[in-house]
Amino acid sequence: MRTLKLAVFVCMSMLGFSCNNDDNYASAEQDKTIHKLSPFMQIVRDYVPNNAVIGHRGTSYWAPESTEAAYRWARNIGADYLEADLQITKDGVILVVHDDVLTRTTNIKDVYPDRATHPTSSFTYEELLQLDAGSWFNIDPNTTSDRARNSFSTQKQPISTLEDLVMFARGYRFVRDAKTNNVVYIKDANGIPRPQYEIDPQDNLNRPGIYIETKEPKLNPGIEQALVKELDRLGWNIITNPANDTAHFINGKVNIGNTNGKVVLQTFSHESLLILKSIFQGKIPTALLFWKGSGADDINDDSPSTYIQHINFAVDNMAHFAGPSIAGGTPPDNWPELLNPWQAELIHKSYLKIHPYSFDNKDQMVKYSPYCEGMFTNQSDMTIQYYRDQGLRSGGSSPMDAKTVLDNLGY
């Protein structure tokens with residue numbers, strides 16, 4: 001017994017705080033190097049509710065990602081945030097689309113066969129409106145037959161814009177031509193087609209915020225500056241148009257879109273974070289996303305010192321959240337593991353909160369929920385129900401059946 005106690009003592013001493021086979025724990029001296037959010041930054045951080053349900057691309061599971069269908073579904077199911085990747089067109093329109101080239105999620109090979117692999121940013125918005133961003137979902141090998149719907153093809157899903165995203169969050173939908181079912185556009189004074197909107201007859205009064213990612217500046221130069229102008233135009237820049245409402249939920253409905261937590265910025269790019277810092281000065285909640293790889297901005301190894309460097313970069317450049325990747329997702333969303341318990345502990349010592357990506361199943365939710373304050377989720381219905389079952393979500397209503405919501409929305 002004495003030998004066992006001695007072994008336990010030695011193990012505890014060597015690791016600093018626990019006996020664990022994983023030796024990737026920071027030493028006490030390394031802990032001292034972790035930078036911490038200021039009190040002001042903590043106030044801005046807390047504009048965002050804990051246990052936030054972040055509808056990844058609206059949903060990439062139940063509907064074609066980043067489209068009207070995906071975002072209307074996420075809003076009505078009760079997601080707290082509509083998540084989106086931002087890119088900018090050749091003529092300055094901010095798009096909501098993930099891929100740098102559009103061969104995966106549109107019919108660009110048919111429409112522009114000679115330009116199919118050109119960057120998204122090399123097209124004008126009007127050119128991109130010729131594409132169908134919904135039909136691919138029905139034939140994608142990762143889509144099961146019970147999730148494919150004819151309406152994703154017959155109701156043409158255009159590539160969304162940042163303006164569309166805000167309008168969906170506010171309870172609107174596109175106006176569609178009665179004969180063709182296509183979206184109605186009217187050109188503005190600059191010749192840019194603008195979609196027409198109407199109050200969504202199926203809007204259930206959830207008012208989510210938006211969680212928007214800026215890409216590498218070299219791929220989308222000037223997008224950060226364009227973003228602040230567009231947020232101002234849409235009335236969603238809380239620096240120039242602060243909200244008076246502070247309630248994240250009202251009468252069982254999501255209300256985050258009416259608070260100062262309505263916009264969260266995110267990026268993998270260190271350069272983009274520096275630009276966001278210079279523009280917003282930490283006054284809008286911001287997340288630095290972590291990726292394990294060999295790139296200049298990536299986490300290149302499993303050492304605590306490298307992880308701490310990325311935490312410190314986030315803190316020093318006015319991020320409020322860390323967004324590490326998690327393992328165990330459904331292919332193709334099975335990412336490298338960057339949220340082991342020791343890594344979560346290091347993040348929390350900085351007072352950053354954690355929004356990992358991306359959740360696909362309940363096993364992931366069980367594993368990571370003790371370490372995080374929100375989830376990028378492809379199935380918001382499952383995540384909301386998980387939080388409610390665990391007693392971690394008192395606001396908002398219980399989600400309806402995912403397919404029923406799509407039925408009600410006319411899909």
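Is D302 buried, partly exposed or exposed? D302 is partly exposed, with a relative accessible area of 34% (buried means under 20%, exposed over 50%, partly exposed in between, with a 1.4 Å probe and protein chains only).

This is a predicted model, in which local features need pLDDT of at least 70, side-chain atom pairs count only at pLDDT 80 or more, and totals for chains, interfaces and linings use all residues. Residues are numbered from 1 along each chain as its sequence is written, and side-chain values use heavy atoms, with hydrogens and water left out.

**Salt bridges**

- The whole structure holds 29 salt bridges (a side-chain nitrogen of Lys or Arg within 4 Å of a carboxyl oxygen of Asp or Glu).
- D302 pairs with K292 in one of them, at 2.7 Å from N to O. Both residues sit in the loop between β13 (286–290) and α12 (304–316), 10 residues apart. Helices (H or I, at least four residues) and strands (E, at least two) are DSSP runs, numbered from the N terminus.
- K292 is partly exposed too, with a relative accessible area of 28%.
- E213 is buried at 5% relative accessible area. K215 is buried at 11%.
- D200 bridges to R75, with the closest N and O atoms 2.7 Å apart. This pair links distant parts of the chain, 125 residues apart: D200 is in the loop between β8 (197–199) and β9 (209–214), and R75 is in helix α4 (residues 68–77). D200 and R75 are both buried.

**Aromatic pairs and charges over rings**

- The count comes to 16 aromatic pairs (rings of Phe, Tyr and Trp, the last by its six-membered ring, with centres within 6.5 Å; planes under 30 degrees apart are stacked, over 60 edge-to-face, the rest tilted).
- F268 and Y357 are edge-to-face because their planes stand at 90 degrees, with ring centres 5.6 Å apart. F268 lies in the loop between β12 (263–267) and α11, and Y357 in the loop between β15 (353–354) and α14 (362–368), so the pair ties together parts 89 residues apart in sequence.
- F268 is partly exposed at 29% relative accessibility. Y357 is buried at 8%.
- F290 and Y307 also pair edge-to-face, at 5.6 Å centre to centre and 90 degrees between the planes. F290 is in strand β13 and Y307 in helix α12, 17 residues apart. Both F290 and Y307 are buried.
- Y71, F168, F174 and Y197 are linked into a cluster by ring pairs.
- The charged end of R104 sits over the ring of W136, 5.9 Å from its centre (NZ of Lys or CZ of Arg within 6 Å of the ring centre and within 35 degrees of the ring normal).
- The charged end of K262 sits over the ring of W236, 4.9 Å from its centre.

**Cavities**

- There are two cavities of 30 Å³ or more. On a 1 Å grid over the protein atoms alone, a cavity is a set of points where a 1.4 Å probe fits but cannot get out; a pocket is an open set with protein on both sides within 12 Å along at least five of seven lines; lining residues have an atom within 4 Å of a point.
- The largest cavity has a volume of about 90 Å³ (the space filled by probe spheres set on the points, which are joined across faces, edges and corners).
- Its lining includes E65, H98, W136 and I159. By class, that lining has five nonpolar, six polar and one charged residues (Ala, Val, Leu, Ile, Met, Phe, Trp, Tyr, Cys and Pro are nonpolar; Asp, Glu, Lys and Arg are charged; the others, Gly among them, are polar).
- The second largest cavity has a volume of about 30 Å³. Helix α11 (residues 270–280) gives the largest share of its lining, four residues.

**Pockets**

- The largest pocket has a volume of about 1,100 Å³. Of its 46 lining residues, H56, R57, H98, D333 and W335 lie nearest its centre.
- The lining of the largest pocket divides into 14 nonpolar, 14 polar and 18 charged residues.
- The second largest pocket has a volume of about 250 Å³. Of its 19 lining residues, G92, V93, I94, R194 and E230 lie nearest its centre.
- The largest share of the lining of the second largest pocket, four residues, comes from α10.
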